[in-house]
Amino acid sequence: MNNSTNTVYVLSGYAKCAISQQGKYKPGNKHSIGLLTTDENYEDNINKLEAFIKDLGWESITFCMVETVNDISTLSNDVLVSSFLRAQQNGQSLVVNDLPITVH
């Protein structure tokens, strides 16, 4: 992970729920996701990042966009702010939109 936790990379995309997660997400449903990481080499370590997401019960992971966030004050959403702080502390954090994109 990057030693400088000022910069967080936000990889946005989609993933399909693989296992029921306390009734919150239904297996087979696809959700938009955001992976926040301090790993400046995220492109080289994409397999490790996807393994992190799979371990949380997601599959069919696709990333569509990457943004760099250097200043937490640019985030207006409380969920993203807390995820940004978790990423700074733990090296990465996953955000999942509660509403599915596709319903099965």
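**Figure 1. Overall fold of the predicted model.** The protein contains two helices and four strands, where helices (H or I, at least four residues) and strands (E, at least two) are DSSP runs numbered from the N terminus. Read from the N terminus, the order of elements is β-β-α-β-α-β. The radius of gyration is 13 Å, close to the 13 Å given by the globule rule for 104 residues, so the protein is as compact as a globular protein of that length. This radius is taken over C-alpha atoms, and the globule rule is 2.2 Å times the number of residues to the power 0.38. The C-alpha trace spans about 40 × 30 × 25 Å along its principal axes. This is a predicted model, in which local features need pLDDT of at least 70 and side-chain atom pairs count only at pLDDT 80 or more, while totals for chains, interfaces and linings use all residues. Residues are numbered from 1 along each chain as its sequence is written, and side-chain values use heavy atoms, with hydrogens and water left out.

Figure 2. The protein exposes about 6,100 Å², of which carbon and sulfur atoms supply 46%; accessible areas come from the Shrake-Rupley method with a 1.4 Å probe, and for residues only the protein chains shown count as cover. Of the 104 residues, 38% are buried. Buried denotes under 20% relative accessible area, exposed over 50%, and partly exposed the range in between (1.4 Å probe, protein chains only). Among contacts (heavy atoms within 4.5 Å) with a separation of 6 or more, 71% join residues 24 or more positions apart.

**Figure 3. The nonpolar cores.** In soluble globular proteins, nonpolar side chains tend to be buried together. A nonpolar core is here a set of buried Ala, Val, Leu, Ile, Met, Phe, Trp, Tyr and Cys residues joined through side-chain atoms within 4.5 Å. The largest one has 14 residues, and those with the most contacts inside it are Ile-33, Leu-35, Ile-53, Trp-58, Leu-94 and Val-96. At least two residues of this core come from each of β1, β2, α1, β3 and β4 (92-96); the largest share, four residues, is supplied by β1. Leaving aside neighbours within four places in sequence, Val-96 is in contact with Tyr-25, His-31, Ser-32, Ile-33 and Trp-58.

**Figure 4. The aromatic pairs.** A pair of aromatic rings is described by the distance of the centres and the angle of the planes. Rings of Phe, Tyr and Trp (its six-membered ring) pair if their centres lie within 6.5 Å; planes under 30 degrees apart are stacked, over 60 edge-to-face, and the rest tilted. The count by this rule is two aromatic pairs. Tyr-9 and Tyr-42 form a tilted pair, with 5.3 Å from centre to centre and 40 degrees between the planes. Because Tyr-9 belongs to strand β1 and Tyr-42 to the loop between β2 (30-37) and α1 (46-55), this pair ties together parts that are 33 residues apart in sequence. Tyr-9 is buried at 12% relative accessibility, and Tyr-42 is buried at 15%. Tyr-25 and Trp-58 form an edge-to-face pair, with 5.2 Å from centre to centre and 65 degrees between the planes. Tyr-25 lies in the loop between β1 and β2 and Trp-58 in strand β3 (residues 58-69), so the pair joins parts 33 residues apart in sequence. Tyr-25 is buried, with a relative accessible area of 8%, as is Trp-58 at 2%.

**Figure 5. The surroundings of Thr-7.** Not counting residues up to four places away in sequence, Thr-7 touches Thr-37, Thr-38, Thr-68, Val-69 and Asn-70.

Figure 6. Most residues other than glycine have a negative phi, and most peptide bonds are trans. Ser-60, found in strand β3, has a positive phi, near 50 degrees. Ser-60 is partly exposed at 41% relative accessibility. Glu-67 also has its place in strand β3 and is partly exposed at 40%. Not counting residues up to four places away in sequence, Glu-67 touches Val-8, Tyr-9, Val-10 and Ser-12.
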